Amino acid sequence: MFLISWQHFVSVWNYPEVKKVLPEALYITLLRDPVNCYESNYVYMGLQNAFRMDINKFAQVKAAANIPRRPTAIIGKNQLLWDLGLLHSDMEDDQKVSQKISELDKQFDFVLLAEHFDESLVLLARLLCWDLSEVRYL
């Protein structure tokens, strides 16, 4: 029998390790609106079938119960902060959340927003002193 841990499939931001490999890099990330991200994960993971309720009912019943995230969960509450390295056990601690946001603010040079992708690319091109033709896409 061959077992693979869920950790083999997850990429979580680890600034100290990235800094070792790319010490002089410009650090850039792309974030989504948290609500859009949660809705997308709910549908993608088929949770409407697993919980036998649509996302609106889920928000009223399950999310309102403030059930903590399982340590092995790879999607869920505050997905963006989890992907950026906040431990699941710290999600309900306002001080740790604020501290993580402050750390991230110092670590990233630029944050693109998926819902404003075109505008983000224009600003990124200016930051990198690129011509706008360098950030064209189809």
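In which helix do E17 and K20 both lie, and how many residues apart are they?

Modeller: A caution comes before the answer: this is a predicted model. E17 and K20 are both part of helix α1, which covers residues 15-21. They are three residues apart, and that is about one turn of the helix. The two side chains form a salt bridge, in which the closest N and O atoms are 3.0 Å apart. As background, side chains of opposite charge can pair when their charged atoms come close.

E17 has a relative accessibility of 40%, so it counts as partly exposed. K20 has 61% and therefore counts as exposed, because the cut-off for that word is over 50%.

Another joins K100 and E103, with a distance of 3.8 Å from N to O. These residues belong to helix α6, residues 94-107, and are three residues apart, so about one helical turn separates them. Here the lysine is buried: K100 has a relative accessible area of 12%, and buried means under 20%.

The remaining pair to describe is K96 with D90, whose closest N and O atoms are 3.3 Å apart. K96 has 36% relative accessibility and is classed as partly exposed. D90, at 14%, is classed as buried.

D33 caps the N-terminal end of α2, with a side-chain oxygen 2.9 Å from the backbone nitrogen of V35. V35 is itself exposed, as is V43. On the other side of α2 from these two valines, the buried residues are C37, N41 and Y42. Those three cover an arc of only 130° around the axis, which puts them on the same side of the helix. The buried residues of α2 pack against α3 (47-50), α4 (55-61) and α5 (79-83). After α2 comes G46, which has a positive phi, near 65°.

Terms used. Residues are numbered from 1 along each chain as its sequence is written. This is a predicted model: local features need pLDDT of at least 70, side-chain atom pairs count only at pLDDT 80 or more; totals for chains, interfaces and linings use all residues. Side-chain values use heavy atoms; hydrogens and water are left out. Buried means under 20% relative accessible area, exposed over 50%, partly exposed in between (1.4 Å probe, protein chains only). Helices (H or I, at least four residues) and strands (E, at least two) are DSSP runs, numbered from the N terminus. The arc is that of the directions from the helix axis to the C-beta atoms. Contact means heavy atoms within 4.5 Å. A polar contact is a pair of N or O atoms within 3.5 Å; within protein, one must be able to donate a hydrogen and the other to accept it, and residues adjacent in sequence count only if both atoms are side-chain atoms. A salt bridge is a side-chain nitrogen of Lys or Arg within 4 Å of a carboxyl oxygen of Asp or Glu.
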